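Hi everyone, thanks for coming.

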Amino acid sequence: MTRNCDALVIGGGPAGSSAAAVLAANGHDVVVIEREEFPRYHIGESLLPYCYFPLEKIGMIEKMKASAFVKKYSVQFVNTEGKLSVPFYFFQQMDHEASMTWQVQRADFDRMLLDNARERGAEVRLGIAARELLRNEAGAVTGVSAADRDGQPQEFRAKITIDATGRDAFAVSRNGWKVRDPYLNKIAIWTYYKGAMRDPGIDEGATTVAFVPEKGWFWYIPLENDIVSVGVVAEKNYLYSESRDLASIFHREVGRNRWIEGHLAAGMQTGEYFVTGEFSYRSRYCAEDGLVLAGDAFGFLDPVFSSGVFLALQSGVLAGEAADAAIRAGDVSAERFGEYGARFREGIEAMRKLVYGFYQPNFSFKDFLMEYPHMKGDLTECLIGNVFRDFDPMFQAMSKFVNIPEPVPHGAPLVRTPTLTGAGSPA
Ligand SMILES: Cc1cc2nc3c(=O)[nH]c(=O)nc-3n(C[C@H](O)[C@H](O)[C@H](O)COP(=O)(O)OP(=O)(O)OC[C@H]3O[C@@H](n4cnc5c(N)ncnc54)[C@H](O)[C@@H]3O)c2cc1C
């Protein structure tokens with residue numbers, strides 16, 4: 001069976017749903033294929049204030065306000081001795097209702113986003129996994145071959161294909177485009193607690209980042225139904241140094257931070273222990289003819305500053321807008337996505353520099369701000385997700401304390417030059 005459409009979106013996470021919502025709202029025939037049945041579990045629960053703007057663009061704000069998601073007003077830090085910093089409240093930086101954001105159970109959040117895309121006119125096909133990219137004689141992508149849950153083959157043909165397959169990175173792995181960040185090679189081990197301690201009042205929904213020795217950290221994210229998401233991120237060799245058993249490693253690390261230990265003591269661990277590696281990579285290209293990447297399928301950054309869902313939503317909206325313009329122009333060549341790719345890279349690079357700072361043993365943001373108090377605004381803007389702006393002065397100042405990495409050169413579109421046979425070859 002072949003389904004022809006204007007735009008095919010692979011993956012129904014935040015990036016895919018927001019791209020689909022934008023394209024469908026602009027009147028295009030959009031199909032989303034998603035491998036899983038929804039709702040499905042996913043990690044990545046803490047939103048940034050700037051999620052508000054892509055969510056607003058796709059008509060999700062009222063739905064978020066009506067949801068049971070825990071309200072998040074702040075982030076706070078706990079040092080290795082278990083001492084809590086003063087919470088950083090987003091409304092201190094931002095006089096806008098976006099300064100309150102949410103901690104979300106992703107099963108519900110992602111279902112809401114996908115329903116929203118459907119309401120705007122996208123056709124959503126669950127239980128369909130993309131298998132291979134389809135190409136025309138010139139090498140341009142024209143859709144995918146796929147299979148349903150019984151293994152029955154399906155074919156989707158589209159003017160433009162948007163790869164939003166998350167860290168599966170469908171096109172990136174098939175095209176050999178993955179470039180890893182050599183210095184951000186961590187792993188995470190996490191689980192859930194019921195009944196663990198919450199701080200009172202508006203601090204109830206705060207994200208807490210708690211340091212463990214060796215420059216690792218815990219996240220502590222209060223969710224609805226009295227559940228807390230709690231996980232540790234650190235170097236693989238460090239975490240696996242004494243045991244391969246996830247539960248033992250997790251509890252050993254809990255014992256190394258008094259704040260985390262004290263807060264979990266009141267609750268009961270529930271469900272599995274999860275693990276993931278493959279931290280921080282970028283695709284060599286953001287697009288080729290007929291194909292554009294969004295969200296984690298384009299690039300993934302260590303989650304210490306909770307930037308993933310924001311970048312997924314924002315890149316979904318931007319890729320959707322660029323694809324809309326490309327379809328209208330009758331030109332879905334890679335070049336059309338140059339500006340989109342540049343913008344995403346600008347955003348992720350700003351966050352990446354902060355993440356590097358965070359992991360450098362002798363650096364502290366507190367010391368940095370003691371010497372450069374006027375940089376507090378820039379630093380905060382970056383941390384709340386206002387990343388599409390010029391941070392050069394701040395990073396120049398920070399480079400006196402830490403090695404700020406050069407931008408990764410990857411992520412421009414793959415521009416092909418025509419050959420005599422008509423098949424494209426990389427320029
Ligand atoms: C340990 C950890 C903690 C994190 N914590 C946070 C956090 O607190 N806050 C935050 O903002 N971010 C966090 N993130 C990042 C966040 O999870 C991601 O950035 C976000 O989910 C990316 O959204 P996406 O839409 O790009 O991909 P996803 O949400 O992964 O969605 C991709 C979808 O594509 C589908 N798919 C995959 N392959 C195929 C295929 N071949 N065919 C069809 N469908 C397919 C998948 O089933 C999935 O539903 C964390 C990540 C990790 C690993």
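How many bridges join strand β12 to strand β15? Nine, between residues 186-194 of β12 and residues 227-235 of β15, and the two strands run antiparallel. For example, I187 has A234 of β15 as its bridge partner.

A quick word on what you're looking at: this is a predicted model, where local features need pLDDT of at least 70, side-chain atom pairs count only at pLDDT 80 or more, and totals for chains, interfaces and linings use all residues. Residues are numbered from 1 along each chain as its sequence is written. Helices (H or I, at least four residues) and strands (E, at least two) are DSSP runs, numbered from the N terminus.

Now the whole sheet. It is open and mixed, with seven strands in the order β5-β4-β13-β14-β15-β12-β16; strands pair if DSSP finds at least two bridges between them. β5 (88-89) and β16 (268-276) are the edge strands with a single partner each, so one side of each has no neighbour in the sheet. Helix α8 (residues 258-265) packs on this sheet, touching β4, β12, β13, β14 and β15; contact means C-beta atoms, placed from the backbone, within 7 Å.

Finally, my helix pair. α9 (residues 308-329) and α10 (residues 338-359) pack at about 165 degrees, axes 10 Å apart; axes are lines fitted to C-alpha atoms over the stretch in contact, and angles run from 0 to 180 degrees between N-to-C directions. They are therefore roughly antiparallel (over 145 degrees). Residues making the contact include L311 and L318 of α9, and F344 and I348 of α10. Thanks, all!

Technical notes. Angles under 35 degrees count as roughly parallel, over 145 as roughly antiparallel, 65 to 115 as roughly perpendicular and the rest as oblique. Two residues are in contact if their C-beta atoms, placed from the backbone, lie within 7 Å.
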